[in-house]
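The following paragraphs lead the reader through the structure shown below. Please keep the sequence and the model in view while reading.

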Amino acid sequence: MDFPVIGWKAGFEIELMMPRGRSRTDLALRVARRCGGTVSRFFHPQSEPSKVPGRPTFENLTPGFRVRDGAGRLVASFVDDLTLQAGLNKDAPPREGWYRIVSDDGRLLRLLARHADAESELEGALMPFAHLFGTELERHDGGMLRVVDERRVSVAIGAPLPGERERPCEIVTAPILEDHGAILSALLDDAAAEGCAVPLESATHVHFDAAALQDARVVAALVDVLSRHGDSLKRLVGFNPHCVRLGRWPEALAALTRSAAFAEMAWPEARAALMQTGLTKYCDYNLLNLAADHRDKHTFEVRVMPTSLTAQPILLATALFEGVLRWAVGPGREGAPVSSGVSGLIAGLGLARDVERHWLDRAFTLPHAAER
Amino acid sequence: MRLSPRLLRRLTAALMLSSALTLATASAEAANDPVGAFLSSQYTYCDAKLVAGLWKISIDDAKAEIGRKIEGGYAGNIAPILQQARDASLTCEWADVPHGYDDAERLARVWNMDSVEDAKAKIAWLYTQGDSASVLNALADNPAAVAPQVDDAALDAFYASAYTYCDAKLIGALWHIDMTQAKAEIGQKILNGYGDNLPQILSAARLEAQCDFSDTGLSYSDAEKLASVWGVPVVQAKDKAAHHYTQGNSAAVQAALAGPATPRPTPIVNTPGNQPPANGGK
């Protein structure tokens, strides 16, 4: 089968693990060489749970690498993912130049990320930040540096990064408008050539551009179809049961979108109402970016796809969910009923013949993904 | 795992011979059974052990992880994971491979090694590298010169197990040994605690041979009942039963035989009480 043609602008986040002794820098450099482009280092933010009482999360900055092609266009970023843990030697010493910066205040960390030089060593990155507060860096054991304010209250802490944290490599592609197959395939071929493997906790997330979804009736249809068949579709594409940041929507969402009042709302009002339903990004189908009107990530995110080192399975799953979105924008918006069975849904999405046959074959052979 | 040209040709032929019914049956049976998918695959206990060591999960969970990737169409993910396990210095030992002392002794001679212990170490190393085919090919190309004494206890263990005449036939074809020796090999592995390795050996054996209806131990009347239960002609029922036995799924056949047959329509017999009226009933 040729690569399925995707007719929707979409970006991909593919979680991989570099082999021992290599880092995500190596993959970024390989991609840059292929594209005739450049690699630049930047600070990548993540949240992690905190054991400090009264402080549920710490915000992290770790080294990420951005590849632009010869014309300066973004190709992809290569970043850490804290959920990828299995297979790493937690006792491994830090590699030179690899560090992380932690703070309990995400606002300060985002300010630091904007203004600190990520190409610098730790001291060079933090020193200007300390000077903003009129203080000097405090040095502690193990290479740890602390930024404090004038009352010696911690603002941010930087430390070398042990435990092979340079090996997790999430490929974050630029939004792709066409030739999704060729672009993904080239990136995954580079990853395979570097010896990347799919880690235990891996997932692939697809961000569908949300411009066409900014309509209360479209969102209502999308919530309806995924409330009925989202679990089946998740099993159909073979989600990774080790992925922990998945789950269903809050009950308030469907209660809102089923209401007659929601269907009559203009988009700004509908979006505000969606934000009151308790949406989070840690679910199977992320509506938060759409509802929050994120400037940099205005997307509907499907988070249930497993990772593959070849593009075909990812594209087949993307084509399936593209079909669901097209249904929501078209027949669903006009009030078409949702098929009671997932095979009926698939058959009614207007998918390309090969794609439809692939998913119907799978629906009929996976007993728990079949009709309810 | 590398396959010899001979094994590759057999695999290709086996795939081409599969009927639509067989494919549908096999895929339906394999779907959503990740451990079953692992056991039917080319991957070994050693491979599962490596994945378990890399991800710090149980070997049974590792089997399911491998099987899940196969079922989901992501089998291409497995080789790099195994390589990362090897890079982390994870290895398999002699106890992790599906071979006995006789195999090691034979390969020590084939490989011109000074000791059987050296051969055991090389076998374990080959399995660690994913190259069990080299071991199996070397054994197949160098069958035992003299039939070893058959152990009665091993035969008893075979007969007490769930393994069938068909399973023994498959192993006999793989290792070029007679039926009695094949039964004893199965029994010996069970007695020595290596019973978990038998499914992988049988997976390799299925690339070389298959069972006929005559190897199942079923009778013609069994075939008739299976035809009734499965709703197919008797000839097809025989083929289907043989296929199930070849795939190690004799339990499905036994379950079909244990259930009720589809009742045949009761023939209408004209008796004085129910003869039709002479005028056609109008």
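A:Ile157 sits in strand E8 of chain A, which covers residues 154-160. The model is a predicted one, and in it this isoleucine has a relative accessibility of 28% and so counts as partly exposed. With A:Arg146, the C-alpha to C-alpha distance is 4.5 Å, although 11 residues separate the pair in sequence.

The loop between E8 and strand E9 (168-173) of chain A holds A:Glu164. Most residues other than glycine have a negative phi. The phi of A:Glu164, however, is positive, near 60°. This glutamate has a relative accessible area of 6%, and because the limit for a buried residue is 20%, A:Glu164 counts as buried.

Which residues have the most contacts inside the largest nonpolar core? They are A:Phe78, A:Leu233 and A:Phe300, in a core of 90 residues. Helix H10 of chain A, residues 311-332, is the greatest contributor to this core, giving 12 residues. Because domain 1 (18-160) and domain 2 (203-369) of chain A both supply residues, the core lies between these domains. In soluble globular proteins, nonpolar side chains tend to be buried together. The surroundings of A:Phe300 can be followed in detail: leaving out residues up to four places away in sequence, A:Phe300 touches A:Val206, A:His207, A:Phe208, A:Ala210, A:Leu213, A:Leu222, A:Leu226, A:Tyr285, A:Asn286, A:Leu287 and A:Leu325. Another core, of 62 residues, lies apart from this one and includes B:Leu54, B:Ala104, B:Leu136 and B:Ala209.

Attention now turns to chain B. This chain has 16 helices and zero strands, and 43% of its 282 residues count as buried. Among its contacts between residues at least 6 apart in sequence, 68% join residues at least 24 apart.

Helix H4 of chain B, residues 45-55, is mostly covered, with eight of its 11 residues buried. These are B:Cys46, B:Asp47, B:Ala48, B:Leu50, B:Val51, B:Ala52, B:Leu54 and B:Trp55. They pack against four helices of chain B, namely H3 (34-39), H5 (59-71), H6 (78-87) and H8 (116-128). After H4(B) comes B:Lys56, which has a positive phi near 55°.

A positive phi is also found at B:Asn112, where the value is about 55° although the residue is not a glycine. B:Asn112 belongs to the loop between helix H7 (101-110) and H8 of chain B. Is this asparagine buried or exposed? Its relative accessibility is 68%, so B:Asn112 counts as exposed.

Helix H10 (residues 152-160) and helix H12 (residues 179-191) of chain B pack with their axes 7 Å apart and at an angle of about 85°. H10(B) is therefore roughly perpendicular to H12(B). From H10(B), the residues B:Ala153, B:Ala154, B:Leu155, B:Ala157, B:Phe158 and B:Tyr159 take part; from H12(B), they meet B:Thr180, B:Lys183, B:Ala184, B:Ile186, B:Gly187, B:Gln188, B:Ile190 and B:Leu191. Sorted by class, this contact has 10 nonpolar, three polar and one charged residues.

Conventions. Residues are numbered from 1 along each chain as its sequence is written. Chains are lettered from A and ligands numbered from 1 in the order in which they are written. This is a predicted model: local features need pLDDT of at least 70, side-chain atom pairs count only at pLDDT 80 or more; totals for chains, interfaces and linings use all residues. Side-chain values use heavy atoms; hydrogens and water are left out. A nonpolar core is a set of buried Ala, Val, Leu, Ile, Met, Phe, Trp, Tyr and Cys residues joined through side-chain atoms within 4.5 Å. Buried means under 20% relative accessible area, exposed over 50%, partly exposed in between (1.4 Å probe, protein chains only). Helices (H or I, at least four residues) and strands (E, at least two) are DSSP runs, numbered from the N terminus. Domain bounds come from an automatic or database domain assignment. Contact means heavy atoms within 4.5 Å. Axes are lines fitted to C-alpha atoms, for helices over the stretch in contact, and angles run from 0 to 180 degrees between N-to-C directions. Angles under 35 degrees count as roughly parallel, over 145 as roughly antiparallel, 65 to 115 as roughly perpendicular and the rest as oblique. Ala, Val, Leu, Ile, Met, Phe, Trp, Tyr, Cys and Pro count as nonpolar, Asp, Glu, Lys and Arg as charged, and the others, Gly among them, as polar.
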